[in-house]
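Thanks for coming. Please have a look at the chain on the screen, and then I will go through a few of its features.

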Amino acid sequence: MLLDVKLGQLPTWLAMRDFTPGGIVGALRRGYDRYYNKYINVKKGGLGGISMLLAGYVVVSYIWSYSHLKHDRHRKYH
């Protein structure tokens with residue numbers, strides 16, 4: 001896991017990762033499964049998991065539209 005890697009060991013840890021399309025898809029799948037089992041698939045669920053997913057969507061949408069928003073910021077409306 002990345003949190004267990006010391007800074008000096010980071011290049012060798014990255015070299016051991018699988019950056020093929022199958023490896024990237026597998027990593028995304030493991031991340032989704034971990035998120036789903038920790039926040040969504042619980043006995044007494046709350047709004048925590050869904051609100052984190054919604055907040056992530058808002059951040060990604062803002063990043064995707066930032067270049068358009070940046071140009072509108074300096075425009076004068078009069």
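**Salt bridge, pocket and patch**

A search of the whole structure turns up 1 salt bridge, meaning a side-chain nitrogen of Lys or Arg within 4 Å of a carboxyl oxygen of Asp or Glu. This is a predicted model, where local features need pLDDT of at least 70 and side-chain atom pairs count only at pLDDT 80 or more, while totals for chains, interfaces and linings use all residues. Residues are numbered from 1 along each chain as its sequence is written, and side-chain values use heavy atoms, with hydrogens and water left out.

Which residues make the salt bridge? Arg-29 pairs with Asp-33, and their closest N and O atoms are 3.4 Å apart. The two sit about one helical turn from each other because they are 4 residues apart in helix H2. Helices here are DSSP runs (H or I, at least four residues), numbered from the N terminus.

Next, the largest pocket. It holds about 370 Å³ of space. A pocket, on a 1 Å grid over the protein atoms alone, is an open set of points where a 1.4 Å probe fits, with protein on both sides within 12 Å along at least five of seven lines; lining residues have an atom within 4 Å of a point. The volume is the space filled by probe spheres set on the points. Helix H2, residues 21–40, gives the most to this lining, with 6 residues. Among the lining residues are Trp-13, Phe-19 and Arg-34.

Now the surface. Val-59, Val-60, Tyr-62, Ile-63, Trp-64, Tyr-66 and Leu-69 form a nonpolar patch with about 740 Å² of accessible area together. Patch residues have over 30% relative accessible area and no salt bridge, and nonpolar side chains are joined within 5 Å; areas come from the Shrake-Rupley method with a 1.4 Å probe. H3 supplies the largest share of the patch, 5 residues.

Last, an unreviewed UniProt entry annotates residues 46–66 as "transmembrane region"; such annotations may be inferred rather than shown by experiment. That stretch is 86% helix and 0% strand.

Note on methods: Patches are made of residues with over 30% relative accessible area and no salt bridge: like charges are joined within 9 Å, nonpolar side chains (Val, Leu, Ile, Met, Phe, Trp, Tyr) within 5 Å.
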